[in-house]
Structures are given as C-alpha cells and as structure tokens.
Amino acid sequence: MTFTAGLLQRIKATESDLSRARDEGDDFLVEVEQGELDDLRRLAAEHGVEVRAHSV
C-alpha cells in the first residue's frame with residue numbers, strides 16, 4: 001500500500017511540475033518532467049497500479 005501511495009503521489013507531483021514547466025515555457029524542463037512521468041506511469045502499469053488520466 002505504501003508503494004502505491006508513494007507512486008501516485010510522485011505521479012501527481014510530476015504532473016504538477018510538468019504543467020508548471022509548460023506554463024513557464026521551459027522546453028528542457030518539459031522534456032525532463034515528461035520523461036519522468038512516462039517512467040512513473042510505466043512503473044505503475046507494471047505493478048498493476050491504476051493511474052487516473054490527468055490532462056497535463
């Protein structure tokens with residue numbers, strides 16, 4: 001349970017960071033955050049953790 005909660009919290013934080021980077025027009029940071037988000041979502045899928053789709 002702790003793994004799932006921590007993973008979902010990291011996804012939410014990364015989505016927020018990605019949104020902020022897009023708002024600021026920081027293309028490099030957008031790439032970094034998108035890569036991190038993709039990795040976290042892949043990890044969630046591998047462990048059967050359902051992630052709600054947010055529009056970022």
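## Nonpolar core

In this predicted model, the largest nonpolar core has 9 residues. They are L7, I11, L18, A21, V30, L37, L40, A44 and V49. Two helices, α1 (2-24) and α2 (27-46), each supply at least two residues of this core.

## Helix α1

α1 has 23 residues. From its first C-alpha to its last, α1 reaches 33 Å, close to the 33 Å expected at 1.5 Å a residue.

Which residues of α1 are buried? They are L7, I11, T14, E15, L18 and A21. These buried residues pack against α2. In an α-helix there are 3.6 residues a turn, so residues three or four places apart point the same way.

Just after α1 comes G25. G25 takes a positive phi of about 75 degrees.

## How the helices pack

Two packed helices are described by the angle between their axes and the distance between the axes. For α1 and α2, the angle is about 155 degrees and the axes lie 9 Å apart. Angles over 145 degrees count as roughly antiparallel, so α1 is roughly antiparallel to α2. α1 passes α2 in a left-handed crossing.

From α1, the contact is made by F3, L7, R10, I11, T14, E15, D17, L18, A21 and R22. From α2, L29, V30, E33, Q34, E36, L37, L40, R41, L43 and A44 take part.

Note on methods: Residues numbered from 1 in each chain as written. Predicted model: local features only at pLDDT ≥ 70, side-chain atom pairs only at ≥ 80, totals over all residues. Heavy atoms only, no water. Core = buried A, V, L, I, M, F, W, Y, C linked by side-chain atoms within 4.5 Å. Buried < 20%, exposed > 50% of the residue type's maximum accessible area, 1.4 Å probe, protein only. Helix = DSSP H or I, 4+ residues; strand = E, 2+ residues; numbered from the N terminus. Expected span 1.5 Å × (residues − 1). Contact = heavy atoms within 4.5 Å. Axes fitted to C-alpha atoms, helices over the stretch in contact; angles between N-to-C directions. Parallel < 35°, antiparallel > 145°, perpendicular 65-115°, else oblique. Left-handed = near helix turned anticlockwise from the far one by under 90°.
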